[in-house]
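I opened this entry to look up how the chains are built and how they meet. My notes follow the order in which I checked things.

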Amino acid sequence: MPLELADAITLPEGPEREYLWTLNFGPQHPATHTTLRLVLTLDGETIVKAVPDIGYLHSGFEKLGEHLDYNQYVTIVDRKNYISPVANEIAWFAAVEKLMGIELTPRCKYLRVIFNELMRIHDHLLACGAAALDLGGFTAFLYAFNQKEKIYDICERASGQRFHPSYLRVGGLLADVDETWIEMVRAFVRDFPPAWNDIVRLLNRNRIFIERTKDIGVLSKEDAINMSCTGPVARASGVVRDLRKDEPYLAYRDFDYKVICAQEGDCYARYLVRMEEMLESCKIIYQAIENLPPGPINVDADSKVTMPNQLSVYRSIEGLIHHFELIMSNRQWQTPVDEVYAAIESPNGELGYYVIADGSGVAYRTRTRPPSFIHFAIFPYLIVGHQVSDVVAVLGSLNIIAAELDR
Amino acid sequence: MTHEEIITKLRDKFGAAFTTSEFRDNRRIIAPAERVYAVLAFLKQQCGFDLLAELGGADYLQYPDAKDRYGVWYVLVNTTTGVRLIVKTFANDPEPTLPSVFALWKGADWMEREVYDMYGVIFDGHPDLRRILMPDEFTAFPLRKDYPMRGRGERHNFPVITRPES
């Protein structure tokens, strides 16, 4: 199998070349967390070239999207970035609802914002916790996973599923939340900052952690933009860009929060940006849960895009017909014959969907813009010149989720 | 710079070489394959579109009223003003070829490789156009519309390496 990297790195010729040796890293290595493979060319312990070889987890998710209807595809979307499943759903339905021209109800918008921010905390807890774990900081990882567990409980209360909630539907949500759920979120917002502080005190001034992450994998601002980086990776390099502020979607205009940026662009800056973003997310959740608007979660039943409630299906002929029209595979949604791109600020960066509709209830093409895929493409540039042990530090700071990487 | 100003600027430079379309908040510029590189380079250098947010492709084989087979889109963002613009172009059989934009945005590297892998669109000038998600032995282009969802049995024909051979 020929493995040649494009440019930027030219291997030495002649007798110097004989000193180089090749190390295969992955696809099943504990520090890769999921299945991705790297072929490293080393000079002693210094990396002179890294070639990622991906596709071990390719599952044809985009092909499946051309055979499942707009609501059914939510279960597949969940499984792309399984660390922030609801953020994926929000991105998918943002595209579908933009395509169909649906304006959501205020309560639905607020609930989606709460879920999006919970997912951001969830994702960043994994990214920071696992980054620490790979560098030998086991305790911080356990503290992070302790909080992650509470977010799973919140998902379970709302949707019945912990890991893959499949909570969103076209024009609304699967079900409304109850008082217990609201209390759970309140408790989380109350308990999270002290737990966050524990992680900060373990890592932020930890000498080993700083020496393993500072000045490692430096990404300049120009490169970050030129290589299509978004989200915390770009913001840690000084790119002031956050879709929540730049292209406000859902109800993000209503909240008061900051966009966290750093200048250094190294692994430590990416870690700090993620940590600070968690507190900002916590602020948004607090504002949203305290001002949660009353009212319906789904758009009006007359618009014929959301599922009717069960009672009306069983007790009224209109409800039954409505349900039938949406469920039968030869009827379903009437979409415009056009295409649309919509993106949200997912925990990992800009998560977009390019949906092409041909008028039927099944999308003609569903293209994901996967942040993990785009961020992993910069990995060979970041790692050159560093040591073998820095591979896990850089991988952890980019937060590569292989299911989204390979789809 | 708003969309209208950008389109006026492009009209001054390229005349009627491209068409525009609009849907919801998406603004699109549809340029033919032979002019698309010039349009993209102009947008990057003169209009400040420094971020290639997304590059993807589609096969319009069964699409209603489609004239061309493969479509490729470039979602551009100006990170200073936040303006978003989609540039679209088309390619056709038997050898769908488009110019590579790797020289303009390094981020296009893997995204072009993915479009090549899934649709077989060749990006002329790409430094390293190989399959990225599918194995190198794979011969078909799986996201094309004439490729069945369940595959053509490639998986059953993969070479199996036994332990003594490995």
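I began with burial in chain B, where 40% of the 166 residues count as buried; I keep in mind that this is a predicted model.

For its extent, I noted that the C-alpha trace of chain B spans about 65 × 35 × 25 Å along its principal axes. Among contacts in chain B with a separation of 6 or more, I read that 52% join residues 24 or more positions apart.

I then turned to the interface, where 38 residues of chain A are in contact with 32 residues of chain B. On the chain A side, at least two residues each come from α1 (61–64), α8 (221–226), β6 (339–346), β7 (349–357), β8 (363–369) and α14 (371–376).

Which residues touch the most other members of the largest nonpolar core? In this core of 171 residues, I found them to be Ala91(A), Ala95(A), Ile114(A), Val355(A), Leu76(B) and Val87(B). The element that gives the most to this core is helix α4 of chain A (residues 106–134), with 17 residues. As background, I recalled that nonpolar side chains tend to be buried together in soluble globular proteins.

Last, I followed Ala91(A) and, leaving aside its neighbours within four places in sequence, listed its contacts as Ala343(A), Ile344(A), Ser346(A), Leu351(A), Gly352(A) and Tyr353(A).

Technical notes:
Residues are numbered from 1 along each chain as its sequence is written. Chains are lettered from A and ligands numbered from 1 in the order in which they are written. This is a predicted model: local features need pLDDT of at least 70, side-chain atom pairs count only at pLDDT 80 or more; totals for chains, interfaces and linings use all residues. Two residues are in contact if their C-beta atoms, placed from the backbone, lie within 7 Å. Helices (H or I, at least four residues) and strands (E, at least two) are DSSP runs, numbered from the N terminus. A residue is buried if 20 or more other C-beta atoms lie within 10 Å of its own, exposed if 12 or fewer, and partly exposed in between; C-beta atoms are placed from the backbone. A nonpolar core is a set of buried Ala, Val, Leu, Ile, Met, Phe, Trp, Tyr and Cys residues joined through C-beta atoms within 7 Å.
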